[in-house]
Amino acid sequence: MARQLHHWAADENTRLVVSLRNDYYKEYISFLEVGKLPDNFYNLPQPNEINLLKMIRMPAIKAHLIFEKDPLSGKALDEVLRDEAMLNPENLAALSFTLDEIFTKSPKGRMSCKVYNELGGMHGAMATRAESLFQSLKFKKADYVFHHVFHQLIQVDENHIPRRLYAGYDKLTASDESKLLTDEFIKAKLFQVSNETVTNNRIVTVSHEALIQQHQENGWHRVMDWLASQRSNLLVRKRLAVAVNDWIENKQQRRFLYSSYSRLHEILALRKNGWAFSDKENHFISLSYKAMLRNAVVVFASLFVLVWISLSLW
């Protein structure tokens, strides 16, 4: 989608107005050439307290909803939500989800503080919804299904912070149970699905990175436990992603393939344990393996010739 938007924006006969959510900003920038931002590109600043309160309050007023007051702090719920959203710009992406959850679970005509507290705040709302939905699906092999889907949707960055990945819908839904998980999370707006620009294949990602990131007691504990158990594997995956990116940026030259047996062995071990990789990563792995075999044959042949020469001169 980002490539397509950039293509349209470059067309002199097209006038394109696009708004981009903050948590997709870095991904959009990564598709652009350095210093090649489109004309009239405008970074919308983070809303101040007054504007953010209007964003929360005005739709509720039009819907004739009343924000209850927190009995402990005495603040109205809209002010509580504003204060939490102001803590981090990335919280804005989770705000609409939280408002929707509060609206769905509150008594008619009200936005309940009790519901907000039961959800665990803004990040807790997402975690609560995800865990409740996951448990309701009653998988026979819950841990296996969770791993199959989420290892394709999560990577760690250079600071070991979990970030979203995009995965092909067909790979995610290879089994009946993984298809059920993926489809239900899409319906619940925890995952989002779109069509890849070039191939038009369906791709899936998490709707909000807050779902897969650690937020102390309010994070999704199923994700946090999985991240802790897969830390070393995620680092191997991250090294592979960096290597593939370098290989592509350098016109897929052979010298940028994996030359270390230990690196390749780590990847093959992951694959044996059910880890799935993108088509580009699989191509990189295959070429690295072939190159390593070729080098091994060359080394063996060279040693054979040296031994033969030595024996001939004996």
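1. Let's start with Arg82: at 13% relative accessibility it counts as buried, where buried means under 20% relative accessible area, exposed over 50% and partly exposed in between, with a 1.4 Å probe and protein chains only. Arg82 forms a salt bridge with Asp83, and the closest N and O atoms are 3.0 Å apart. (A salt bridge here is a side-chain nitrogen of Lys or Arg within 4 Å of a carboxyl oxygen of Asp or Glu.) Asp83 itself is partly exposed, because its relative accessible area is 25%.

2. A word on what you're looking at. This is a predicted model, so local features need pLDDT of at least 70 and side-chain atom pairs count only at pLDDT 80 or more, while totals for chains, interfaces and linings use all residues. Residues are numbered from 1 along each chain as its sequence is written, and side-chain values use heavy atoms, leaving out hydrogens and water.

3. Now the overall picture. The chain has 14 helices and seven strands; these are DSSP runs numbered from the N terminus, with helices (H or I) of at least four residues and strands (E) of at least two. Of its 314 residues, 38% count as buried. Among contacts (heavy atoms within 4.5 Å) between residues at least 6 apart in sequence, 64% join residues at least 24 apart.

4. How much of helix H4 is buried? Seven of the 10 residues in H4 (residues 77-86) are, so the helix is largely enclosed by the rest of the structure. The buried ones are Leu77, Asp78, Val80, Leu81, Arg82, Glu84 and Ala85. They pack against several elements, including H3, helix H5 (92-105) and helix H7 (121-136).

5. You'll find Gln46 in the loop between helix H2 (25-30) and helix H3 (49-62), partly exposed at a relative accessible area of 39%. Leaving aside neighbours within four places in sequence, Gln46 is in contact with Ala85, Met86, Pro89 and Leu92. Gln46 and Leu92 are 46 residues apart along the chain, yet their C-alpha atoms are separated by 9.0 Å.

6. Back to charges: the count comes to 15 salt bridges. In one of them, Glu101 pairs with Arg129, with the closest N and O atoms 3.7 Å apart. That pair links distant parts of the chain, Glu101 in helix H5 and Arg129 in helix H7, 28 residues apart. Glu101 is buried, with a relative accessible area of 6%, whereas Arg129 is partly exposed at 24%. Another salt bridge joins Asp157 to Arg163 at 3.2 Å between the closest N and O atoms, and both residues are buried.

7. There's an open sheet of three strands in the order E5-E7-E6, with antiparallel pairing. Its edge strands, E5 (167-168) and E6 (191-195), each pair on one side only. Strands count as paired if DSSP finds at least two bridges between them; E6 and E7 (residues 202-206) are joined by five. Ser194 stands opposite Ile203 in E7. Helix H10 (residues 176-187) lies across E6 and E7, at about 95° to E6. (Axes are lines fitted to C-alpha atoms, for helices over the stretch in contact, and angles run from 0 to 180 degrees between N-to-C directions.)

8. Last stop, Phe304 in helix H14 (residues 279-312). Phe304 counts as exposed, because its relative accessibility is 54%.
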